[in-house]
Every structure is written in structure tokens, then in C-alpha cells.
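This report describes selected features of a single protein chain.

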Amino acid sequence: MTIGVLALQGSVAEHIKMIKSVNKKIDAVAVKTVDELAAVDALIIPGGESTTLRRLLNEFNLLIPIKERILAGMPVWGTCAGLILLANRVEGEYPCLSVLDVDVKRNAYGRHSESFVGEGDFDGMYINMVFIRAPFITRVGDNVTVLAECNDRPVAVRQGNVLATVFHPEMTRDNRVHKYFCGMIDAKV
């Protein structure tokens, strides 16, 4: 199994390290080209700045191929800005990939200086959650499962092959959310 991490911006190395900590037999690679995308079984879209990521997806001609792969069933996980790119609706702007039936509000938790570590239950596992200029999920569609909440707000959701987290699991030492994603891929491969 090979998991790609979109390597245009964000915590690419941290996601790769976490995936490798789940199972040494899983290959985790950086993805910057269409050919690299074609070689992976799943994709992680890391955090960063969503408008910059959207521009880079277009510049690298990855936007349409990523959307096509997701619609064809490739497992994908978006963290923070990755969630914003996956969402069907983004307050105040046009959506990007539109493959996840949620509405989001960018930077809703505040500025970088207001980042914090919360905690909560993720699909039956109690975990720490790192929030960095995170979005709010303001609406969840009928076919979307809420996997985690923090302060009475959904912070992790899944719709079929699409996983999204408001928080950054790669910024902790706990690889259980990455293990969950690998389980989604195992079920597909």
C-alpha cells in the first residue's frame, strides 16, 4: 500500500512520519505531480493556507486529477486546510474539490496565536487535538458521519472514502487517527 501526501504546502514530513509509524510496510510518499498521484492508493491533503493550496493545485494541474480519483473511490484525508478544500461549501468563497457534504468557515478558531490543544473522543479513542487557525464545520450533510467533537462542534467527519479533520493529528505523537485512515485504505485495496 502506498499513501501519498500532497506536498505543495503544509506538514508533509510529519504526515509521512506518522504513516510510517503505523506500519513500516506502508509506503508514504510526497505527491507533487500527476504521475506521482497515479502511483498512490490514497492521499492526505495536509493543512496550510487553503487559498494558496487551491492556487498551487491549479498550477501543478492536480485539481481535476485529484477530484477524479476521489470520485472514483480513492481514500482521501484532509486536515485543516485540506478539509476546506474537500468541503462542498466554504463561507465567503467558492468551493474547491466539493467532495464532502459539509459547510465550513475558515480560520474560525482565530489567529495563529490563538491555537490550542483540545481533547476528545475520536471514534471511541480519547485523543489530543491540535487546532491551528482551524475552520469550523458549520453544517454536516445527512450522509456524513461525525467521528469527533470538541467543545460541542464537529471536528472530524467521514463520508465514504473521504475523511476530514479540523485538527492536526500529525502534530502529536499519537498515530491512531493515521491508523484509522490506513484502515479505510485496507478496506478499499
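## Basis and terms

A residue is called buried when its relative accessible area is under 20%, exposed when it is over 50%, and partly exposed in between, with a 1.4 Å probe and protein chains only. The model is predicted, so local features need pLDDT of at least 70 and side-chain atom pairs count only at pLDDT 80 or more, while totals for chains, interfaces and linings use all residues. Residues are numbered from 1 along each chain as its sequence is written, and side-chain values use heavy atoms, with hydrogens and water left out.

Helices (H or I, at least four residues) and strands (E, at least two) are DSSP runs, numbered from the N terminus.

## Salt bridges

A salt bridge is taken as a side-chain nitrogen of Lys or Arg within 4 Å of a carboxyl oxygen of Asp or Glu. Under this rule the model contains seven salt bridges. Side chains of opposite charge can pair when their charged atoms come close.

One of the salt bridges joins E93 and R54, whose closest N and O atoms lie 3.3 Å apart. This pair links distant parts of the chain, 39 residues apart: E93 belongs to the loop between β5 (87-90) and β6 (100-105), and R54 to helix α3 (residues 50-59). E93 is partly exposed, at 24% relative accessibility.

R89 and D101 form a salt bridge with an N to O distance of 3.0 Å. Because R89 lies in strand β5 and D101 in strand β6, the pair ties together parts that are 12 residues apart in sequence. Both side chains belong to partly exposed residues, with relative accessible areas of 38% for R89 and 22% for D101.

A salt bridge also connects D103 with R89, at 2.7 Å from N to O. Here D103 lies in strand β6 and R89 in strand β5, so parts 14 residues apart in sequence are tied together. D103 is buried, with a relative accessible area of 16%. R89, D101, D103 and R139 are linked in a network of salt bridges.

Two strands are said to pair if DSSP finds at least two bridges between them.

Strands β6 and β9 run antiparallel and are joined by four bridges. Within this arrangement, K105 stands opposite F136 in β9.

I45 is located in strand β3 (residues 42-45) and is buried, at 0% relative accessibility. Contact means heavy atoms within 4.5 Å. Apart from neighbours within four places in sequence, I45 is in contact with L6, V76, W77, G78, T79, G82, L85, L86 and L97. Between I45 and F136 there are 17 Å in space, C-alpha to C-alpha, and the two are 91 residues apart in sequence.

## Positive phi angles

C80, a residue other than glycine, has a positive phi near 55 degrees. C80 sits in the loop between β4 (76-79) and α5 (81-86) and is buried, with a relative accessible area of 5%.

S98 is not a glycine either, and its phi is positive at about 50 degrees. The loop between β5 and β6 holds S98, which is partly exposed at 26% relative accessibility.
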